[in-house]
Amino acid sequence: MSFQNIVEEIMSTHHNLLRRELPKISELVKAVTAENADNNSLKEAQQIFEKVRSKVEAHLRDEETILFPTGIALECGGTAVPTEMNLLERLHEMEKEHDGCGNALAGVCQTIIDDAQASELKEQLLATIEVVQEDFVAHVEKENTKVHPMFIELLAARS
Ligand SMILES: [Fe+2]
Ligand SMILES: [Fe+2]
């Protein structure tokens, strides 16, 4: 599979899923926190989730506007998208973000399991987080083991 095919598949499945599900989780976390109004660890989990969400959204933007278009252009012999970004550094940072966001989301999930009182909303929230976590594993695996090595090769071939 070409770089272009892989990243197009990633955007249409995994990135779309995140854009659809993360706002739902924000709403549900807010509602569950409201149901447990005197619980500070849930308030903290809500703040952590919102930080993770912004991190993921910025990460997707960098992939979709810089890294993926650059790899696609290089693959068909074109030139890289002009950017101030150090692409190899950003790639390395992105792998750390894959781990960091996965771990932070697992922590949020555990706090909800431990601290939220049983309710319909809690079940919905946990089910939605689970959908995202499962998809995230497949998404990160494709990027770390296929997209990033291919991108590094394309960059090296250019210089
Ligand atoms: Fe991605
Ligand atoms: Fe990524």
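Predicted model: local features only at pLDDT ≥ 70, side-chain atom pairs only at ≥ 80, totals over all residues.
Four protein residues donate to the iron ion (ligand 1). They are H15 and H139, each through NE2, and E63 and E143, each through OE. The donors lie 2.0 to 2.2 Å from the iron ion. Along the chain, their spacing reads H-x47-E-x75-H-x3-E. H15 belongs to helix α1 (residues 3-35) and H139 to helix α4 (residues 120-158), so this pair ties together parts 124 residues apart in sequence. H15 is buried, at a relative accessible area of 0%. H139 is also buried, at 2% relative accessibility.

Turning to the nonpolar packing, the largest core has 25 residues. Within this core, I25, V56, I112, L125 and I129 have the most contacts. Helices α1, α2 (40-75), α3 (87-115) and α4 each give it two or more residues. The largest share, seven residues, comes from α1. Leaving aside residues up to four places away in sequence, I112 touches L42, K122, L125, L126 and I129. Of these partners, L125 and I129 are themselves among the core residues with the most contacts. Another core, of 16 residues, lies apart from the largest one. Its members include I6, F68, V147 and L155.

Definitions and conventions. Residues numbered from 1 in each chain as written. Chains lettered and ligands numbered in written order. Heavy atoms only, no water. Donors = N, O, S within 2.8 Å, 3.2 Å for Na, K, Ca; no water. Helix = DSSP H or I, 4+ residues; strand = E, 2+ residues; numbered from the N terminus. Buried < 20%, exposed > 50% of the residue type's maximum accessible area, 1.4 Å probe, protein only. Core = buried A, V, L, I, M, F, W, Y, C linked by side-chain atoms within 4.5 Å. Contact = heavy atoms within 4.5 Å.
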